[in-house]
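The following paragraphs lead the reader through selected features of one protein model. Please keep the sequence and the structure in view while reading.

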Amino acid sequence: MRKVAIIGVGHVGSTTAYTLIAKQIVDEVVLFDTNTNLVQAELNDLVDGQMEQPHQVKLIAPDLSELATTDVLIFSAGNISILNGNSDRFAELNLTKTIVEEWAPKIKASGFKGIILNITNPCDVITRYLQELTGLPKERVFGTGTSLDTARMKHAVSEKINVHPTSVNGYVIGEHGESQFVAWSTVTLGGLPVAETLTSEHRIELDAAARKGGWTTFRGKGYTSYGIAIQAARIVEAILNDNQLIVPVSHYQPIEKCYAGSPAKVSIKGINESIPLNLTAAEKQKWQLTIQTIKTMYETI
C-alpha cells in the first residue's frame, strides 16, 4: 500500500492531498494539523471529491502511530499570511522553525522510517532543520526546492520563443527564494543551448519571471497552491514508483555543508544521487552567493 501523510493541511497541504488522490498516486492518506476542525473538514471534502473515481483512497484521521507505516511524509505546515505586505523570509522562519520544533520530536517518537518531503518555507533552511531534529538520514529528508521555480522558468522561456514548455530543459538552482538563479548553461531546446538564441536582456527578464512568479500569484490570491502541489505530487510519485526521476530539489550538498536546490535523482531510497552541473564561472559565483544566503538564514535559528 502506498501511504502518504501530510502535516499541515492549509491551502498547500490540502491541494497536495487532492492532487495525489486525483492522479491516483497513493492508496492511503493521513492528515495532520493543529486545527482539528480543519482536518475533519478536509477529510470530508476529500471523500466527496473522489466519489466517482474507480480508485478509492483510504483517508485516515490524525494518529501519530500511523507514521510508523507511512512511506512519505509531506511537511507543509506554516502560515503564509505572515508575508502579506512583507517579503521578509526571516519573518516566516521565526514561525516555521517553531513548528518544526513542535513536530520533529513527534515524528521521531512515532517510529517513522520513510522519506520526508518538505514544502514549508524557507524551504532549504527548514529542510535542514527537519533533518537535524528528526535524525533521519540526509538522503531521506529533502525539499521541493527549486522544482517549481524551474517549471516557472520553462514556462517563461516557452512563452518567449513560442514552444511547448516540455520542449525546454534546464534548471533554476540555489535557494528557493530571492537568491535563486537560472543556470543558463543547462537550458536547452531540442538539445540546443537556449542562451545563444536569447539576448542578455531577455535572460535577465526570464530569470526575474521565474523568481517573481510566486509573488504574482501570492499578491493576487493570498497564497500559492496548484503549482507546488503538482511538483510535490510528481516527486512523491517518483519516490513511490522508484522512478529515478531527475528533478531540482533541496537536498544536502556535502561540499557546501547545507541544503540547496539542484538536480538530483529521486528514488524509493530518497536522494539516490546528486547530479553535478558544469556551471560557468559567473554561475559558480552566483551559486556561492545563494549558498551564503541560505547559511546566513540558518545561522539565525
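Axes are lines fitted to C-alpha atoms, for helices over the stretch in contact, and angles run from 0 to 180 degrees between N-to-C directions. Helices (H or I, at least four residues) and strands (E, at least two) are DSSP runs, numbered from the N terminus. The model is a predicted one, in which local features need pLDDT of at least 70 and side-chain atom pairs count only at pLDDT 80 or more, while totals for chains, interfaces and linings use all residues. Residues are numbered from 1 along each chain as its sequence is written, and side-chain values use heavy atoms, with hydrogens and water left out.

Helix 5 (residues 147-161) and helix 7 (residues 226-240) have axes that come within 9 Å and cross at roughly 115 degrees. In contact (heavy atoms within 4.5 Å), S147, L148 and A151 of helix 5 meet G227, I228, Q231 and I235 of helix 7. These residues comprise four nonpolar, three polar and no charged; Ala, Val, Leu, Ile, Met, Phe, Trp, Tyr, Cys and Pro count as nonpolar, Asp, Glu, Lys and Arg as charged, and the others, Gly among them, as polar.

Helix 5 also packs with helix 6 (residues 200-221), at an angle of about 135 degrees and with the axes 8 Å apart. The two helices are therefore oblique to each other, given that angles under 35 degrees count as roughly parallel, over 145 as roughly antiparallel, 65 to 115 as roughly perpendicular and the rest as oblique. On the side of helix 5, the contact involves D149, R152, M153, A156, V157 and K160, and helix 6 contributes H202, E205, L206, A209, A210, G213 and G214. Here the division is six nonpolar, three polar and four charged.

D149 has a further partner: its side chain makes a polar contact with the side chain of H176 (2.7 Å). Such a contact is a pair of N or O atoms within 3.5 Å; within protein, one must be able to donate a hydrogen and the other to accept it, and residues adjacent in sequence count only if both atoms are side-chain atoms. H176 is located in the loop between strand 7 (168-173) and strand 8 (181-189). Is H176 buried or exposed? Its relative accessibility is 13%, so H176 counts as buried (buried is under 20% relative accessible area, exposed over 50%, partly exposed in between, with a 1.4 Å probe and protein chains only).

The backbone also deserves attention. The peptide bond from N121 to P122 is cis, with omega near -5 degrees.
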